[in-house]
Number of protein chains: 2
Amino acid sequence: MTDIQDLDSRKAAILEAVVTEYIGTAQPVGSHHVARAPGINVSSATIRSEMVALERDGYLAQPHTSAGRIPTDKGYRFFVDQLTEPGVLGPAQRQKVSRFFEQVHGEMEEMLERTSGLLSDLTSYASVVLSPGHEAAAVRSVQLVGLGPRVALLVVVLADGAVEKRSIDLTEEVPDEVLAAASARVQAAAQSRPLGALIAPEPSGDATVDRVVALAQSVLEDFANEVHDRVFVGGPSRLAAAFDAVETVRGVLQTLEQQLVVVSLLRDVLERGLSVAIGAEHGYEPLSSCAVVVTPVSVDGQAAGAVGLLGPTRMNYPEALAAARVVSEHLGQRLGGTLESGSPGAPSPAPSPTGAAAGAGGPRPRRRARGRR
Amino acid sequence: MTDIQDLDSRKAAILEAVVTEYIGTAQPVGSHHVARAPGINVSSATIRSEMVALERDGYLAQPHTSAGRIPTDKGYRFFVDQLTEPGVLGPAQRQKVSRFFEQVHGEMEEMLERTSGLLSDLTSYASVVLSPGHEAAAVRSVQLVGLGPRVALLVVVLADGAVEKRSIDLTEEVPDEVLAAASARVQAAAQSRPLGALIAPEPSGDATVDRVVALAQSVLEDFANEVHDRVFVGGPSRLAAAFDAVETVRGVLQTLEQQLVVVSLLRDVLERGLSVAIGAEHGYEPLSSCAVVVTPVSVDGQAAGAVGLLGPTRMNYPEALAAARVVSEHLGQRLGGTLESGSPGAPSPAPSPTGAAAGAGGPRPRRRARGRR
DNA sequence: GGCTGGCACTCGGTACAATCGAGTGCCAGA
DNA sequence: TCTGGCACTCGATTGTACCGAGTGCCAGCC
């Protein structure tokens, strides 16, 4: 327990005791309880006077006179910043994670979805898994498949295994051969280039083919902007118990339903180099009674999505941080392994040393996530 | 379902009044209120004695002595069965729906997801949209795309526009040419057949190709079983306000998170020919304080998924039925239109005549009756 | 000087009684 | 057969008293 900037060590210890206790009980904690906490060797009277100071400085608040204190957002912030050792998961939970990643299989999206289930299982908070972006991934295949006389489906496979599709209205009947020819031309032009850096296919001389090619090409270019970072929200029902005001629950759930908001929330937090955003810090008003824990996922040293947890501000930060970190590591390795089938697990990368400021990978360019209204 | 028919018209009217009032206020309703209801021309004393009978017969219940009555599941059931005219949406809502379906675009999955948003918007209940099954859809395209030296992605496009994918571990390096050859063979064998009735490709003579073909083929066969009907749950946050017990909310939300459960719930209800399942009727214990309204979606006369609403048993059935029906119709037309781009909207199919027991055959004998005198 | 124990005070929570009123069951009479 | 009237029930509300956790302050002690 080191001395921290503007709080002497005794105040820090008291604050820590209050936060810890409050996280456990959700009840305002009084000087008496603090006095009984381990590491505190002063009387309750002393603690009271310290608490007055902590309240004056904005670390604690009192729901009403003659009640104990509860931490403010600032109080939690201090507590989190002060955490030195990353929290540790229990052996049972650790094993759950290992088991999960040994056994999980299937498509990336499915895997991410299940990962979010795992995270919320581990922590009993709502979890959030942000899928890796695709802007850097090269196009492996483009295909036009006829679905009806005037409708074709454009299917794009990226090097990272993502598949995007979009149906195209051809406005008039196009024979299969033309579709195939167009498909081949688009494919040839896009092959091995990332979506962001496509080149236009040469004209073929056949007007119909060129028309279809142009249609497909424009959809392809749309993808470059639209290719969405999907977000998987796990276990939102956990939040029902986290707040006592039904209104709060409803508001939070409603916000979580807007995937766009969740994505930008996570992105914002990551961009600010935080791994924890508490209460109003993240600036999303409906979530002002929530805290968010985010950990970027890196695959082979590259930033690739993120995992996070969302709970009440009185969430168990050490545990949440530990869970997010462990899952993020496993997930990164697993995703790295996908493309090189059966590659031996690389040695565990060193965990970032502190609870905050894990600026992995530097700032990422802002990208649009697909809007769900 | 037993003796639901034997309510004389006065009892029916009283029951209807109780249900209507309770749906609106969520408060137990007393004989006085019923007496004031339109169409009721008897005194509260008479109503009281009728209510005693209704309670004895299980249509009403009393939270405690000297409180008003609330409908039981059986009471709601009678009320719903008795509905003759389908409820009508307000003009504003109707317009919302039309607008939505004029403007909606993009992939089917996205469309379904947004449709579920629309439904819950219209009704302020949680909504459920079940994607059409793919068993009958023919394979339009199968493609093996190399992702890494030892990994390929199998991408299948079905005639209805669905795209399924699965990565395949090739266990050893396979050159692109071999992949392409295998891809062509698998495609040739599967082309135009539904997933359920695949035939095995002929051996090619090249051992490596055949090995890859076999791998792909087995994955393809897996799809036949696994291709799951996706379900989109919209606006679960609406449920937070619907129940007062937090525990109930949590349980319901948790159940909704298990997509598998939701799918079979809907499937069960549809199979039993119901369009409404109330409380314990559907047999899913955690949802026993919920009611489900389901309407199948038909595309060109073929059953194709379903839309539904999930709310408290005291939900507004007429409105919910109307919303589900309207959205189902629009959705069916829209989906039908997808494959024949720009087909003119067919004239609105006649709505099913009754609120319940769509499969029950016989013409609806019962008529709603009013108090006389 | 800083810490401590003691003390008066505050105020939410609980327990209990009184009251209110919505609602019931029953019954005599039209 | 229905109705108005009546006695009764019981949850909800209000008021009062009290308990106890917690506070702020202060005099005294190390």
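Me: Which strands does helix α8 of chain A lie across?
Reply: In this predicted model, helix α8(A), residues 207–226, lies across β4, β5 and β6 of chain A. Its direction is at about 140° to β6(A).

Me: What about helix α7 of chain A, which strands does that one lie across?
Reply: Helix α7(A), spanning residues 176–190, lies across β4 and β5 of chain A. The helix runs at about 160° to β4(A).

Me: In what order do the strands of that sheet come, and is the pairing parallel or antiparallel?
Reply: The order is β4-β5-β6 in chain A, an open sheet of three strands with antiparallel pairing. β4 (139–148) and β6 (163–169) are the edge strands, each pairing on one side only. On average, neighbouring strands of the sheet are turned by 20° against each other, direction ignored.

Me: How many bridges join β4(A) to β5?
Reply: Eight bridges join β4(A) to β5(A), residues 151–158, and the two strands run antiparallel. As for individual partners, V142(A) is bridged to V156(A) in β5(A).

Me: Which element gives the most?
Reply: That is α3(B), with four residues on the surface near DNA strand C.

Me: And how many are nonpolar, polar and charged?
Reply: The surface near DNA strand C has eleven polar, six nonpolar and two charged residues.

How values were computed:
Residues numbered from 1 in each chain as written. Chains lettered and ligands numbered in written order. Predicted model: local features only at pLDDT ≥ 70, side-chain atom pairs only at ≥ 80, totals over all residues. Nonpolar A, V, L, I, M, F, W, Y, C, P; charged D, E, K, R; others polar. Pairing = 2+ DSSP bridges. Axes fitted to C-alpha atoms, helices over the stretch in contact; angles between N-to-C directions. Contact = placed C-beta atoms within 7 Å.
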